[in-house]
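Me: I have a structure open and would like to talk through its packing. Could you take my questions as they come?

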Amino acid sequence: MKGTTGQIALAGISGTLTGLTIRVWMKESCTNSKTCFRRIAMSPIDRQAAFSGTKDVSGTLALDAARLEVYLASRLPDFVAPLRVRQFKGGQSNPTYLLETPARRYVLRRKPPGQLLPSAHAVDREFRVISALHAQKFPVAAPLLYCDDASVAGTAFYLMDHVEGRVVWEPHMPDTEPAERAAVYDAMNATLARLHSFDPAALGLSDFGRGDNYVARQVERWSKQYRASETEPIEEMEQLVAWLPAHLPPPAPVRLVHGDYRLDNIILAPAQPEIRAVLDWELSTLGDPLADLAYHLMQWTMPPSETGAGVGTLLGYDLVRLGIPERAAYVDAYVARTSLDPRPHLPVYLAYNFFRLAAIFQGIVGRVRDGTATSENAAAMAPLVRPLAIKAWESAREAGAQ
């Protein structure tokens, strides 16, 4: 898509929360090196429709299906040709594909092509962690193989079983009865508590990360990632980069953490409030389980997205009527299950996590700039970074920041 003054690099959005008046500023690189903007109209995204199911594989992310078919036939004893490849709509990081054969279905996740941030898109780590958890009967898709030969699919990838079920993209779970919502939220709480109960050494993951000083290292990492993807100055991000390193929570027991645990990274059974699989382990490592919990808790106070992009929110919903627990009650249930208590330092944990998510979204914006974004909705992440930074700084002020 071309503008009158140069190549479009990314998009920004403003408008009302009702979604009735939304404008998009397409940011262009101008010939005089100054920032130019062209405003167009954009409709809000229906998250459930936009992110559910599959689509034709986009050109930049295309696979050589014939080469992949030959490779899988030589590695999987039950593989039956021919192979059909589709791309999942959801997800912003590692491209994910549905592979269909006459006999069964598989899911392939691979690194995106092109220029990547350091340490990002580690599909080998994803494969390792789901392999360890599957052996413990933790709800993950069954891992099948890992391939680091870029000649097969263009980049390193892994293959896992396809899990039948449903992914709900809105945390308030529309078109669901209160009793089912309550059961799903309790299952999410119990599943995260179980994850945080594992001894990493017993899983064979004692070297899966440093573990100690987790939040400090994460603040340093995401500060660097933010800088590498930065497209415009955001005052609150600057304040957080300076404040967070000196105001960290005390050390917590080292556990396996997911890093992106939320409802839309979970496959539910088709008709029951049962978790069939936890998805997207790209950010998993050894670290602070309370930081992992606090990330999950952000959905209760997540700034709403005017376009429907980003992460869903429970803010503004009548939780009692919906059957969804208040955040405090949800934390109480986690504490009862784990004896781990985030409450004394929750504002700091939330400041860190909103900062981290802002940096993650900025990374998506950077991939739009660099031409390596995997989602057609990636550009809509641009206007979400600043509200997340503002929310993070609000939590920091609650923790005593001046």
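**Rings and cores**

Reply: To begin with the rings, Phe127, Tyr146 and Tyr158 are linked into a cluster by ring pairs, where rings of Phe, Tyr and Trp (its six-membered ring) pair if their centres lie within 6.5 Å, and planes under 30 degrees apart count as stacked, over 60 as edge-to-face and the rest as tilted. This is a predicted model, in which local features need pLDDT of at least 70 and side-chain atom pairs count only at pLDDT 80 or more, while totals for chains, interfaces and linings use all residues. Residues are numbered from 1 along each chain as its sequence is written, and side-chain values use heavy atoms, with hydrogens and water left out.

Me: How many aromatic pairs are there in the whole structure?

Reply: A search of the whole structure gives 11 aromatic pairs. One of them joins Phe138 and Trp281 edge-to-face, at 6.1 Å centre to centre and with 75° between the planes.

Me: And where in the chain do Phe138 and Trp281 sit?

Reply: Phe138 is in the loop between helix 3 (123-134) and strand 8 (143-147), whereas Trp281 is in the loop between strand 12 (275-278) and strand 13 (285-287), 143 residues apart; helices (H or I, at least four residues) and strands (E, at least two) are DSSP runs, numbered from the N terminus.

Me: Is Phe138 buried or exposed?

Reply: Phe138 is buried, with a relative accessible area of 3%, and Trp281 counts as buried at 2%. Buried means under 20% relative accessible area, exposed over 50% and partly exposed in between (1.4 Å probe, protein chains only).

Me: Switching topic, which residues touch the most other members of the largest nonpolar core?

Reply: They are Leu133, Met237, Leu256, Trp281 and Phe361, in a core of 100 residues. Helix 11 (residues 346-370) gives the most to this core, with 15 residues. A nonpolar core here is a set of buried Ala, Val, Leu, Ile, Met, Phe, Trp, Tyr and Cys residues joined through side-chain atoms within 4.5 Å.

Me: Which residues are buried in helix 7?

Reply: In helix 7 (residues 235-243) the buried ones are Glu236, Met237, Leu240 and Trp243. They lie on the same side of helix 7 because they cover an arc of only 135° around the axis, the arc being that of the directions from the helix axis to the C-beta atoms.

Me: What about the face of helix 7 turned away from its buried side?

Reply: That face carries the exposed residues Glu235 and Ala242.
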